[in-house]
Structure formats: C-alpha cells, structure tokens
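Subject: Structure for you to look at

Hello,

Here is the structure I said I would pass on. Please open it alongside this message.

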Amino acid sequence: MAGFGSSSTDNFTDQSALLAIRDQITFDPNKTVLNNWTVETSFCNWIGVSCSKNKQRVTSLNLSYMGLEGTISPHIYNLSFLIVLDLRNNSFHGTLQDEVGHLRRLRSIDMRNNKFIGEIPNGFGNLRNLSSLTLSGNNFNGTIPSSIGNMTKLEVLDLGDNQLRGTVPKELGNLINLQEFVIRNNNFMGAIPTTIFNISSLQIIEFSDNSFSGNLQEDIFRSLTKLEELYLANNQLSGQIPSSLWQCRELRRISLVNNMFRGSISSDIGNLSKLQALRLTGNNITGPIPASLGNITALIFLAMGRNNIWGDIPEELGQLKNLQLLNIEQNNLSGMIPQGIFNISSLRALSFMLNRLIGGIPPSGGQWLPNLEILFLAQNRLNGEIPVSISNSSKLTMIDFSGNLLTGSIPTSLGNLRLLQQLVLGGNQLTNKLPNSELHFYTALTNCRYLRRLVVGYNPLNGFFPKSIGNLSASLQIFMATRSQIKGEIPVGIGNLSDLITITLEDNDLTGAIPSTLGGLKKLQRLHINGNELQGSIPSELCSLTQLGELGLHENRLIGSIPNCISNLSRLQRLSLQSNELSAQIPFGLFSLQNLLLLNLSYNSLIGSLPSEVGKLITVEELDLSRNQLSGNITNSIGDLRSLRNLSLSRNSFQGPIPESFGKLISLESMDLSYNNLSGVVPSSLEALVNLNHLNLSFNRLQGEIPKGGPFPNFTIQSFMGNEALCSGEPKLQLPACPTNTPPKARHKAFRVMYIFLIIVGVLVIIVALFFLYLRYRAKKRQVSVPADSPPDTTTHRMISYQELVQATNNFSEANLLGRGGSGSVYKGALSDGMITAIKVLDLELEGAFKNFDAECQVLRSVRHRNLVTVITACSNLQFKALVFEYMPNGSLEKWLHSHNYCLSLLQRINSSLDVAFALEYLHHGHSEPVVHCDIKPSNVLLDEDMVAHVADFGIAKILAENKSTTQTKTLGTLGYIAPEYGLEGRVSSCGDVYSYGIMLLETFTRRRPTDEIFVGEMSLREWVNASFPKAVNKIVDANLLKGAQEGYLTVVRQQNCLTSIIGLALECSKESPEERLNMEEVVVRLNKIKFELVTDNA
C-alpha cells in the first residue's frame, strides 16, 4: 500500500470525473468519447483531454464540434487543475451549478452554441484567473450576476444570443482588462451603465438587438481610445450621437442601425481613418452628408438609409476607392449623382432610391463598375436615357430604376447581363424604338437565364409582345407590364414560364383570346389581364390554377358563361369579371370559394336568381352583382356575410322584400339596391348597421315609414327617391308624412280583444304541452335507459367497436401515439374502411374525465364548421371512452411555432389565425346558445393537409343558456392563456375566449410562449409586447418573419404595417377588462382587412 500516494488519489479523482462526464453523454454520433474514454488507457491520452506533464492532472477538456448531446455531470467541478474548458458547438443541455466557482485555475471557458438553460451561476465570480468566458448561443435566462464584476482578469465576455433580461450590472465596470464585451440579442433594457465606458481596454462592444434606451452622454466615449468595433443596432437609444465617438481613432466598425438617434453627423467623422463600416440606417438623423467622409478611404460599407438627411451627395464620396456598399436610400437628398461615384470600381451595391435626385444616370457607369451587383435608383426624378454602357457591369443581378422620368427605349444590351435576376423599370417614360413594332428588349432578355422579376409597366412602350416571351427564364416569377400600350395577342408561349407567380398585363390594348396555355402555370397566384380588348370565353383551363389568389379579367369583351369548375380555385380571394359580356346563370361552384374577399360580376348579362349558397362566402368583403339581369327574391342568406363592407345589387330585376337578415351585416359600409322591383317596407333591422355611410334604395316599389334610428338620420332623399309609397316625418327627406296612429278608443278596444285572444291561446298551449309531456313520460318508462355519457348522435355518425379501435391503433401502441394532453392520449389509427383518423382516448382515472367527455360530446353534437375538428364517431362504455376525429396530417400550430424544423410564413400565420377566428365567431355568434371553448391555445389548433386550421379539444367547453352571456366554472383552462376574470372568479364568457385568442395571436407572431421563463412577476407576454408597441414591433416579432420580406422597400413597409396591425389587434383582444375587448365578429373583420392589405400587390 506504500505506493498508493496522494498523487494517485488525485489522478483517480480526475479519471472518475471524466467517466462521470462520459456517462451523461446520451448521443455521440462518431463514438469519439464513448469508445475512446475507457480505463484500459490513461485518461491523459483520451481524445479531448490534456494533462500537466508532472502531476498528470487534467488541465484542458476540449469536446468542441463533436455533436454531443447530454447534460454536464457535476463531477466536472472536481477537475480542480482545469485551465481550459471548451464545449462549444454541441447540444449539451441542462443548467450550470454554482460549484463552477471551485475551478479556480480556469482561464478559458467556451460553451457557445449549446442548449444550456437557467440562470448564469453566481459562482463564476470566484474565477479570478479567468480571461475568457463565452456562453453565447444558449438559452440562459435571468440577469447577469453582479459577481462577474469580480473577474478582473477577464478579457472576453460573450453572453450573446441568449434570453437574458433586466439591466446590465454597473459592477461590470470593474472589469478593467476587458477587451470584448458581447451581449447581443437578449432582452436587456434600461440605460447602458456609464461604468462600462470607463473600461479603457475595451476593443469590441456588441450590444445590438436588445431594448436599451436613453441618451448617451457627449463625452461617454472619451476613455475608449482602443475601441475598434461598436454595435448598438436595434435598440431604442435616442438623442444625438455623442461627439466623443468621432475621437475613437481606432474604430473600424460602427453600427447604430434602427435606433432613434437625431441630429446631424459631425464633420469630425473624417478623423476615423481606419473605419471600414459605418451603418446608421433607420434613425432620425438630419442635415447634410459631411464631405469629410471622403477622407476615410478605408471605408467598405456605408449605409445611412431611412433617415432625414438632406442636401447634395458630396463629390468627395467618389474618393472612397475601397467602397463595396453605398446605401443612402429613403432620405431627402437632392441634386445630381456625382460622376465620381461611378468611378469606384470596388462597388458591389449602390442604392439611392426614394430621394429627390435629378439629372441623368452617368453614361460611363457600366464601364467603371465591373463588380456592381445591385443598382437601386428608384423613386427619384432622374431623366435621360438608360446608358447602354450599364450592360458592361456584367455582375449585375438587380436593377431598379422605377418611378423616375427616364426616356428612350429599353436597351437590348441589357441581355448581356447574364446574371440578372431583377429588372424593374416601371413608372417612367420609356418607349419603343419603332412605335407599333415588336418589343425587342424582351427577346434580348431571353439570355438572362436567372431572371426572376421583370417589371416594365406604366411606360408608353407602344408595341407588340414577341413570340420569344415563352423563351424567357424558366425561373421568372413576376411578369408585369401594366398600362404600357402593348398591342396584339398574348403569346401562347407564356405558358412555358412554369415558375410564374404573378402576371399583370392590365390596361393595355391586348386582343384575341385568353391563351389556354395559362392553365399550365401551376404556381400562379395573381393573374391580372383586365382593361384590354380580349375576346372569346373564359378558358376552363384556368380552373387548373389551384394556387390562384387573384383573378382579374374585367373590362374586356369576354362572352359565354363563367365555368362551373371555378370551384377548383379554393385559394381565390379576389375575382373581378365585371364589364364583360358574360351571360347564363352564376355557377353554383363559385359560391364554394370560402376564401373570397372580393366578388365583382357587375356590368354583364347574367340571368337567373341568386341562390342561398351565396351565404357560404363567409369571408367576402365586397359583393357587386349590379347591372345584370338577375331576378327573383334576394336571399336571406346574404345576412350571414358578417365581413361584408360593400354590397351592390342595383339595376337588376330583384323583387320581394329587403331581407330582415340584412340587419346582421355589422361591417356593412355601403349598400346599393336601387333600380329593382323590391317591395315591402324598409326593415327596421337596418338600424343596427352603425357603419353604414352609403345607402341607395331608390327606384323600387318600397312603402311605409323609413326607419329613424341608427345611420338613417344621415341619409338624404337621394337614398329613397323613386319609391312612391314611402313616408317619413323628416322634413329633409321631402317625403309625405306617415299616417297618424289609431285613435285611443279604438286602440284600447283592439288591445282588449288581443289580450283575451292571447289568454285563450296560452291556455290551449299549456294543455297541449302537458298532454305531450305525459305521453313522453309513459314512453320513457318503456325504454331501456341510455347512459348519460352517450356519444355524439349515432344516427348521423358511423358505429364503431372497441375491437376496431384496438386494431386501428395496433393495440394503442407507442408508434401510433400522436400526443398526450390533460385529459388523455391521442392515437393515429386506420379504420377498417381505410380512413385515417385521430382517436382521442380519455384517461378515466383523471378527476372530471366523465364530465369532460360529456361536455365534449354535448358540444360536438351541436356544432359543425369547416374550422372545427370533424368528429367521425365515438366509442363509450363504463371502462372505455374515445372520440374519433378526422386526422390532421400537419399536426398542431404549437409544433409549427416552436419546433426548429418548422416555420410558417407571415401569410400562413395570418391564415391560421383567421381560421381560428372564424371558428370562434361561429361558436360565439352562430347559435342561440353560444359555445365558449375555454381553452384556446396553439396546441388545440390543428392543421390539415392544406394548412387550414381547425379548433380542437372541447373537453372543458361551456354552452351558455340563451340570452345568458356568462356562467361560472371550477375548471380552469391553460395558464398563460386564461383571462384574468376566468382565473380569479371562474367567470366564463365569450370574452374569455377572445382574451385567449389575443394571447395566441401574440404567440403566433412573436414565437414566444406566455409561459416562457422571461415572463415572471409583473412582466407577461402582453406587457413585454406592449412595451415595444407600436414603434419597435420589429424587435418583438419572430425574426423569421422579417427575413421573409421580398426585395424592395415598399414590400417591407407593407409587411411592417401588417405586423403592427396584427400586434395591435392582439393587444385589443387581450385587454384586462372583458368589456373593453373586441368580439369575434369584429376580430374577423379586422383580420380580414389586414390580410387584404398585405396581399394587395402594388408593384
């Protein structure tokens, strides 16, 4: 035993610690650790392990880039001689413990790009020898421990890309040797401590993507003489840019993007001779561009867009010979573009769009910009011709000259730009070299095989499409030539451009038939060929365009009928066929288009009656069937169109009364029923249309008194003229006064007669009712009793046995398990007829399971809607209860929001939110007894194969008695989503569902759960969002949505407006007071409007 000294014991401790670390690795893709770390060899020879030469103690543990998964064993804190710990770029998870402070010899810790959670331990403050601490790219939360200020030897502190919050401790100003301080992309707020700027050794400050606010003092950078990189982008900092910044002569990179800095840029900026990147985009900076910028010849990136900078572009900028990006878009610049700018041969991207620049594009441009890839000069006042020499910039991929005063023809030499992806020349005065001849530039552009966007509209081109249109790039997605004096036929070859998403050729002089080859464009979403002289019928091949959202064929000379197969266009939102020569009846298939927002069939010769199926167009906002030959009564079902804003049925042959149901059109702003044969009275129900500001009932056969309430006091005689039997007591209407009421004696006598009659009828009703109750009681005694928990009505649902469910789910195997919830498990199953279903099996041991089953059955019996899950059948006995639903192959909204492998686009999120809104509107307002779901959240929203959302799980839903708006419950929904009055008082109403919906909206567009760990105490998801609304919405929405914007500033603005509107709607839905919340009818109207404004393309 004498040979077993303390050194051996220490070595055994290190080996045991390493083996404990190995044992908690759950995944090692290359078996690097699991196979190599064995007791057969010395641990000092294990991969990733380094030891001291003398004592053979572990001094370095490097497991970086190994793809390992697992947690970190607490035995790691026994490696007391450890100097370097490198675990970066793995998938380690779990928390770190305060015992990390035991490793006092540590000099470097790198744990970046893992999945650690929890707070940063205070124990780090004991590591007085540590020089580098990198914890970025994890999920740490909480605040930065002030104890880190004790680590005075620290040179690198990187805590970026986590979920840290609160303020930055002023004690970090004690880190006198700190060179790199990185806390980007967290949730820090408040002012940046001035103590940080006293650390004279600092070289890099990276505080971007937080919520820092306040002004920076003028002399705050005075001590930072070694500062090389400063990143403060995407915060809420304000005031003037401190003048002391321009004295930091070592600066190489500055980014102050998207703050609220104001004032002008000091000419002292010219002192920064080493500066390579200056980004000031998205502030409130004013004044001219300092000429001294031209002295900074090291500049590579210069971006100052979206400010209020005015004046001329300094000639001195032409001296920046290393410049690669120059972006000064969306300011108030004037004057001409200096010739010297086009002598900077290193330039790769140049944008002066959205200014007030004049003059021409320097003709030598293409000769001196051999590396130019992006050239944006749109929305200025540039004139002259497009220089032919621009085609010498052979690397150009994007050109946007739209919205100027350019003249001449479009150079065919643009076809030499073989890498060109985007060419936007719309809104100029460009012409054809030879009027009324072929537009040869289209043929030249067939050489540009990467072209995706081609926009030449709003130019007087005056020519014909060449047949070579069909030879344009197979990648072409956007093809626009609006209002360009284009003549002749649409080439059939356009059907070869299989990637096309948008075609807009409206307001030209096109003739001939609509090419049937358009039916081959399976990706097409917008087709606008209105305002031409097109003839013939609407080709049935257009019914193959199943992705189509907008179809504009109006103002042509089309004949024949509307194809019934138009029902195939299930995504269609806007259908404009007005001002043609269409005849026959409106096809029934058209009314199955449940995403339709606009339907205009006016100024045709359509015949027949308007079927009740029109009430299926539940999303429609504008319906115009005026100036046709429609007849019959106006169907009551129009009253179901709660989103309808504009309705015109004028100049037809409708007869009968105005439906009372029109009083339910709560969104209606304009209604025109003039020049028909309508009779009867003006319904008093129209008084409920508080938004109605235009009404035309003239030239019908209406009679009786005009209603006095609601919007009617605002209307004049113009709304009612041509109806001989109308009357009113309003002098301004200039109509005869209505007959006086019946004399008092006669009225009293009539009242007595009616009173006696009602008593007799009432007694008879009671006698009959008692008789039937007796018969029912007798019959019931003869029947076998039915269990109280009977499933949905089996007369309308197929029968199913327990044994069939066992077979369908492979005996409820784990392989078939879709998920577990609060009331049981859901399995995927194939029934005996091959139908794929989702089978919800209740856990009967849970408290309230029978009650939940009864509640869900009761609700599912009474509801049916395209955005609610469809129940197929149920299976129920004393030992087993299950509901069988239609299978939703795309899973839950929860999965799509919070799984790394899934991502929804902005439009997909809006569509799913609308689907849920439609479902709740139906539950709340589509029954005499409203249904309150009580548990709206993303996991209860399921997506079918077409990504249509369906609301599921009615286990705690409540059916409110008629005329009763609230009830009490002891069953709570899900924390984070339940309304305040629900949780505190158990008070259930439709307002509670609206609150939950608002929270779900916030989660959908921020990708933050209301239960995230950052939301503690007074800080909730709603408060966190509200703090950034409306000025800093981009800071709280899901970053993936911001990446999805198309090229061009206008598209970005439209997207930002959309997001701001949605967040505002969500905040209104989730107000604390139930009385202040919107109802779901109002939500549907608002969200439809938001969607409409987003998808309307003004390009």
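Below is what was found in it, from the whole chain down to single residues.

Overall picture

This is a predicted model. Its pLDDT averages 88, and 89% of the residues score at least 70. Over residues 777-796, however, the pLDDT is below 50, and the model gives this stretch 20 contacts beyond near neighbours in sequence. Residues 1046-1050 also stay under 50 in pLDDT; for them the model has 10 contacts beyond four places in sequence. Please read both stretches with that in mind.

The secondary structure comes to 15 helices and 67 strands. Of the 1099 residues in the protein, 53% are buried. If you take the contacts between residues at least 6 apart in sequence, 55% of them join residues at least 24 apart.

The annotated lysine

The UniProt entry, which is unreviewed, carries a "binding site" annotation that covers Lys 840. In the model this residue belongs to strand β59, which runs over residues 836-842. Is Lys 840 buried or exposed? Its relative accessibility is 8%, and the limit for buried is under 20%, so Lys 840 counts as buried. Leaving out residues up to four places away in sequence, Lys 840 touches Ser 823, Ser 825 and Val 826, then Glu 856, then Lys 881, Ala 882, Leu 883 and Phe 885, and finally Asp 953.

A pair of packed helices

Two packed helices are described by the angle between their axes and the distance between the axes. Helix α9 (residues 906-925) packs with helix α11 (residues 990-1006) at an angle of about 175°, and their axes are 11 Å apart. Angles over 145 degrees count as roughly antiparallel, and α9 and α11 are therefore roughly antiparallel to each other. On the α9 side, the residues that meet α11 are Leu 906, Arg 909, Ile 910, Ser 913, Leu 914, Val 916, Ala 917, Leu 920 and His 924. On the α11 side they are Ser 990, Asp 993, Val 994, Tyr 997, Met 1000, Leu 1001, Thr 1004 and Phe 1005. The residues of this contact divide into 11 nonpolar, 4 polar and 2 charged.

Backbone points to check

Most residues other than glycine have a negative phi, and most peptide bonds are trans.

- Phe 1029 and Pro 1030 are joined by a cis peptide bond, with omega about 0°. Pro 1030 is found in the loop between α12 (1021-1026) and α13 (1039-1043).
- Gln 379 is not a glycine, yet its phi is positive, near 60°. The residue sits in the loop between β28 (374-376) and β29 (383-385), and at 33% relative accessibility Gln 379 counts as partly exposed.
- Ser 579 likewise has a positive phi, about 60°, although it is not a glycine. Its place is the loop between β44 (574-576) and β45 (581-582), and with a relative accessible area of 27% Ser 579 is partly exposed.

Three further residues

Leu 878 is in the loop between β60 (871-876) and β61 (881-886). How does its accessibility class come out: buried or exposed? The value is 68%, so Leu 878 counts as exposed. Apart from neighbours within four places in sequence, Leu 878 is in contact with Leu 844 and Phe 850. Phe 850 is 28 residues from Leu 878 in sequence, and the two are 9.6 Å apart in space, C-alpha to C-alpha.

Gly 926 lies in the loop between α9 and β62 (931-932). Gly 926 has a relative accessible area of 46% and is partly exposed. Along the chain, Gly 926 and His 865 are 61 residues apart, while their C-alpha atoms are separated by 10.0 Å.

Glu 981 is part of helix α10 (residues 980-985). With 5% relative accessibility, Glu 981 counts as buried. The C-alpha atoms of Glu 981 and Gly 992 are separated by 7.8 Å, and the two residues are 11 apart along the chain.

That is the list.

Regards

Notes: Residues numbered from 1 in each chain as written. Predicted model: local features only at pLDDT ≥ 70, side-chain atom pairs only at ≥ 80, totals over all residues. Heavy atoms only, no water. UniProt positions renumbered as here; feature names shortened; annotations may be inferred. Helix = DSSP H or I, 4+ residues; strand = E, 2+ residues; numbered from the N terminus. Buried < 20%, exposed > 50% of the residue type's maximum accessible area, 1.4 Å probe, protein only. Contact = heavy atoms within 4.5 Å. Axes fitted to C-alpha atoms, helices over the stretch in contact; angles between N-to-C directions. Parallel < 35°, antiparallel > 145°, perpendicular 65-115°, else oblique. Nonpolar A, V, L, I, M, F, W, Y, C, P; charged D, E, K, R; others polar. pLDDT = per-residue confidence, 0-100.
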